[in-house]
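Biologist: I would like to learn how to read this model feature by feature. Please start wherever you like.

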Amino acid sequence: MKDLKSIQWFLNELPRLQNAGVIDSTAAERLREHYSGELKENSLRGLLFTVLGIFAALLIAGSIILFTAHNWDALPKTGRLLITFIPFLLAALFAGFVLIRGKTGVWLEAAALLLTAAIVTLNALVSQIYHIDGSLFDFLALALVLMYLFNSRVLALIVAIALVQFAITDWNGEHWFPIVCTILWIPFAVPHLRRDSMLIRYAAIPAGIALLCS
């Protein structure tokens, strides 16, 4: 049982098996201790792979952005629009592949971050070309949706940090928005906190600050 979902499912089944008389309390406790330890080890390993995958994704995205920025002024408007949509299309294809194939863990985190970065970049570049203003409001709404869609703990942390800035700053008088976002954020965080997710434990701190400052 090296799959985290299988281990978690088995741990959840232990009380039912004990009540049904399949195993006694001693066996149930030994199994719980054994597989809980294995679950923690796999969680740390999964976190390491997640961090490495995110770092690799950021390096690739950063290289593309630097290359585009270096040649931006020399491109016509049509070329700029074409280049603007390419990262989004690639990120959308990758995200679709991850969801269709049922990938988990670092795949979901990478897809969520790449798609978020691609949409934010698309919005920023189109806004620059046509002089349209974007806002943190739009980013938080987008990040919340993608956070649930990809079950992304990293996006949950980013959203929680962004909520602090939104809560302590008067963004067009929209004081209700940080409260609504935090309320929408909590149902995502609670199951991960029960699984002792390190990222969500850290994310709960800025989320709490945002709620208090709203």
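Modeller: Take glutamate 109, which is buried at a relative accessible area of 2%. Keep in mind throughout that this is a predicted model.

Biologist: What do the side chains of glutamate 109 and arginine 153 form where they meet?

Modeller: The general idea comes first. Side chains of opposite charge can pair when their charged atoms come close. Here, glutamate 109 and arginine 153 form a salt bridge, with 3.7 Å from N to O.

Biologist: Is arginine 153 buried or partly exposed?

Modeller: Arginine 153 has a relative accessible area of 22%, so it counts as partly exposed. Glutamate 109, at 2%, is buried.

Biologist: How many salt bridges does the structure hold?

Modeller: The structure holds one.

Biologist: What is the overall secondary structure of the protein?

Modeller: There are eight helices and zero strands, and along the sequence the pattern reads α-α-α-α-α-α-α-α. Of the 214 residues in the protein, 33% are buried. Among contacts with a separation of 6 or more, 66% are between residues 24 or more positions apart.

Biologist: How should I read the packing of helix 6 and helix 7?

Modeller: Two packed helices are described by the angle between their axes and the distance between the axes. For helix 6 and helix 7 (residues 176-194), the angle is about 155° and the axes are 10 Å apart. The two helices are therefore roughly antiparallel to each other, since angles over 145 degrees count as such. Helix 6 passes helix 7 in a left-handed crossing.

Biologist: Which residues meet there?

Modeller: From helix 6, the residues include Arg153, Ala156, Val159 and Leu163. Those they meet in helix 7 include Phe177, Cys181, Trp185 and His192. Arg153 also takes part in the salt bridge with glutamate 109.

Biologist: At what angle do helix 7 and helix 8 cross?

Modeller: The axes of helix 7 and helix 8 (residues 198-213) cross at roughly 155° and come within 10 Å. That makes helix 7 roughly antiparallel to helix 8. The crossing is left-handed. Helix 7 contributes Ile179, Thr182, Trp185, Phe188, Ala189, His192 and Leu193 to the contact, while the helix 8 side includes Ile200, Arg201, Ala203 and Ala204.

Biologist: Which residues of helix 3 are buried?

Modeller: An α-helix has 3.6 residues a turn, so residues three or four places apart point the same way. In helix 3 the buried residues are Gly79, Thr84, Ala91, Ala95 and Val98. Helix 3 (residues 77-100) has 24 residues and reaches 35 Å from first to last C-alpha, close to the 34 Å expected. Just after helix 3, glycine 102 takes a positive phi of about 70°.

Biologist: Where is phenylalanine 88, and what does it touch?

Modeller: Phenylalanine 88 is in helix 3. With 24% relative accessibility, it counts as partly exposed. Leaving aside residues up to four places away in sequence, phenylalanine 88 touches Leu115, Ala118, Ile119 and Leu122.

Biologist: How far apart are phenylalanine 88 and threonine 116?

Modeller: In sequence they are 28 residues apart; in space, 9.0 Å from C-alpha to C-alpha. Threonine 116 is in helix 4 (residues 106-130) and is buried, with a relative accessible area of 5%. Beyond residues up to four places away in sequence, threonine 116 touches Phe139, Leu142, Leu146 and Leu155.

Definitions and conventions:
Residues numbered from 1 in each chain as written. Predicted model: local features only at pLDDT ≥ 70, side-chain atom pairs only at ≥ 80, totals over all residues. Heavy atoms only, no water. Helix = DSSP H or I, 4+ residues; strand = E, 2+ residues; numbered from the N terminus. Buried < 20%, exposed > 50% of the residue type's maximum accessible area, 1.4 Å probe, protein only. Contact = heavy atoms within 4.5 Å. Expected span 1.5 Å × (residues − 1). Salt bridge = Lys/Arg side-chain N within 4 Å of Asp/Glu carboxyl O. Axes fitted to C-alpha atoms, helices over the stretch in contact; angles between N-to-C directions. Parallel < 35°, antiparallel > 145°, perpendicular 65-115°, else oblique. Left-handed = near helix turned anticlockwise from the far one by under 90°.
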